[in-house]
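Student: Could you take me through this protein model, one question at a time? I'd like to see how each answer is reached.

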Amino acid sequence: MRVVSVVSTKGGVGKTTVAANLGGLLADAGVRVLLLDLDSQPTLSSYYALSQKADAGAYELIALNLRTPAQIISRTVIAGLDLILSNDDQGRLNTLLLHAPDGRLRLRNLLDNLRLNYDLLLIDTQGARSVLLEMAILASDLALSPITPEMLAARELHRGTLKLLSELEPFRLLGITPPPLRLLLNQVNAIRVDNRMIIRGLRKTFAGATNISVLDTVIPDRVAYLNAASLGLPVHRIETRRSRERRSPSALETMQALAIELFPKWREAISTMTRCAEAQ
Ligand SMILES: Nc1ncnc2c1ncn2[C@@H]1O[C@H](COP(=O)(O)OP(=O)(O)OP(=O)(O)O)[C@@H](O)[C@H]1O
Ligand SMILES: [Mg+2]
């Protein structure tokens, strides 16, 4: 099971949108996906309707070490896409983890029960620095960080997400390697010169970096992502073709390119799913 956390210390950059749509696309490609909503505002938990709701969720998993799948895992209406709901509306988990000796390592130590049933665990996190966020990163093989192409977001990246990752470096002494970071440009308007300049600048900054890279795939700023959220559907199902007047790729093409770039071993399943999506 691959573990990917969607992270950023900045709010509103598209973490939940990416987690929901990447999870939805991969599930449609036949990958067994489990979403874990670690944001105390349960946006991801309410993105897809549920076909079966578990009594417990992220709180019981993290605070009480409850690992029985039937008790903590809900099923969404998207086949192959399951979810551990956020049910920590008072934000108690953070305080609890702060005072627990195993706090930042707790999730990492809890995943064995899930490994056999899923190919991918996709974790959505809160847009602020917290112990919970550090715990999610330390449990991950890869950290995926959406960033919007604005100057202030680029600055916050250095102050927030990159600083956080560098502060997790001492975990190497315990044999725990912090995951590589992939930056994903989101809400890109390819026509705007400032967007293009910021993207070029980011690519240049991280060209020689070892643990950080900027993904080739960018997600355009498109109303399809808002519509998909309102309909509770993965965006690739509602925008399968690019329109003639538009220059940017369709949501299906974008999400497929992103999924293949992140998970090249599932390339075949992802690229052959075009037919399924178009057939709907
Ligand atoms: N590529 C896109 N095009 C258009 N709108 C988008 C795109 N990506 C995200 N949005 C919209 O931007 C808003 C913020 O996105 P989202 O909730 O995914 O961000 P977030 O990082 O999870 O925020 P938070 O930090 O509050 O959890 C939402 O209304 C979402 O629909
Ligand atoms: Mg969110």
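Here is our chat about the model, which is a predicted one.

Student: Let's start with rings. How many aromatic pairs does a search of the whole structure find?

Tutor: A pair of aromatic rings is described by the distance of the centres and the angle of the planes. With the whole structure searched, the number of aromatic pairs found is two.

Student: How are the planes of Tyr47 and Tyr48 arranged: stacked, tilted or edge-to-face?

Tutor: The ring centres of Tyr47 and Tyr48 are 4.6 Å apart, and the angle between the planes is 65°. Planes over 60 degrees apart count as edge-to-face. So the pair of Tyr47 and Tyr48 is edge-to-face.

Student: And which kind of pair do Phe263 and Trp266 form?

Tutor: Here the centres of Phe263 and Trp266 lie 5.0 Å apart, with 35° between the planes. Stacked needs under 30 degrees and edge-to-face needs over 60, so what falls between has the third name. For Phe263 and Trp266 that name is tilted.

Student: Is Tyr48 buried or exposed?

Tutor: Buried means under 20% relative accessible area. Tyr47 comes in at 10%, and Tyr48 has a value of 4%. So Tyr48 counts as buried.

Student: Which ring does the charged end of Arg92 sit over?

Tutor: Look for the ring whose centre is 4.5 Å from the charged end of Arg92. That ring belongs to Tyr59.

Student: Now the spaces inside. Which element gives the largest share of the lining of the largest cavity?

Tutor: About 60 Å³ of space lies in this cavity. Two elements give two or more residues to its lining, β7 (142-147) and α7 (151-167). The largest share is four residues, and the element that supplies them is α7.

Student: How many charged residues are in the lining of the second largest cavity?

Tutor: This cavity holds about 30 Å³ of space. Its lining is made up of Asp37, Leu38, Asp39, Ser40, Ala58, Ser86, Asp88, Leu93 and Leu132. By class there are four nonpolar and two polar residues, and the number of charged ones is three.

Student: What about pockets? Which element gives the largest share of the lining of the second largest pocket?

Tutor: The second largest pocket has about 260 Å³ of space. Among its 15 lining residues, the closest to the centre are Thr17, Asn186, Gln187, Tyr225 and Leu226. Both α1 (15-28) and α9 (223-231) supply at least two lining residues. The largest share, three residues, comes from α9.

Student: Gln187 came up there. Where is Gln187 in the chain, and what is its phi?

Tutor: Most residues other than glycine have a negative phi, and most peptide bonds are trans. Gln187 is in the loop between β8 (181-185) and α8 (193-205). Although Gln187 is not a glycine, its phi is positive, at about 60°.

Student: Asn65 has a positive phi too. Is Asn65 buried, exposed or partly exposed?

Tutor: Asn65 has a phi of about 55° and is placed in the loop between α2 (58-64) and α3 (69-72). Its relative accessibility is 35%. Buried needs under 20% and exposed needs over 50%, so Asn65 counts as partly exposed.

Student: Which residues does Tyr118 touch, leaving out those up to four places away in sequence?

Tutor: Tyr118 is in the loop between α5 (112-115) and β6 (120-124). With 8% relative accessibility, Tyr118 counts as buried. Leaving out residues up to four places away in sequence, Tyr118 touches Met1, Arg32, Val33, Leu34, Ile73 and Asp82.

Student: How far apart are the C-alpha atoms of Tyr118 and Ala58?

Tutor: Along the chain, Tyr118 and Ala58 are 60 residues apart.

Student: Last one: why is helix α6 described as largely enclosed by the rest of the structure?

Tutor: Helix α6 covers residues 131-138. Its buried residues are Val131, Leu132, Leu133, Glu134, Met135, Ala136, Ile137 and Leu138, and what covers them includes β1 (2-6), α2, α4 (92-99), β6 and α7. Helix α6 is largely enclosed because the number of its residues that are buried is eight of the eight.

Note on methods: Residues are numbered from 1 along each chain as its sequence is written. Chains are lettered from A and ligands numbered from 1 in the order in which they are written. This is a predicted model: local features need pLDDT of at least 70, side-chain atom pairs count only at pLDDT 80 or more; totals for chains, interfaces and linings use all residues. Side-chain values use heavy atoms; hydrogens and water are left out. Rings of Phe, Tyr and Trp (its six-membered ring) pair if their centres lie within 6.5 Å; planes under 30 degrees apart count as stacked, over 60 as edge-to-face and the rest as tilted. Buried means under 20% relative accessible area, exposed over 50%, partly exposed in between (1.4 Å probe, protein chains only). A charge sits over a ring if NZ of Lys or CZ of Arg is within 6 Å of the ring centre and within 35 degrees of the ring normal. On a 1 Å grid over the protein atoms alone, a cavity is a set of points where a 1.4 Å probe fits but cannot get out, and a pocket is an open set with protein on both sides within 12 Å along at least five of seven lines; lining residues have an atom within 4 Å of a point. Grid points are joined across faces, edges and corners, and a volume is the space filled by probe spheres set on the points. Ala, Val, Leu, Ile, Met, Phe, Trp, Tyr, Cys and Pro count as nonpolar, Asp, Glu, Lys and Arg as charged, and the others, Gly among them, as polar. Contact means heavy atoms within 4.5 Å.
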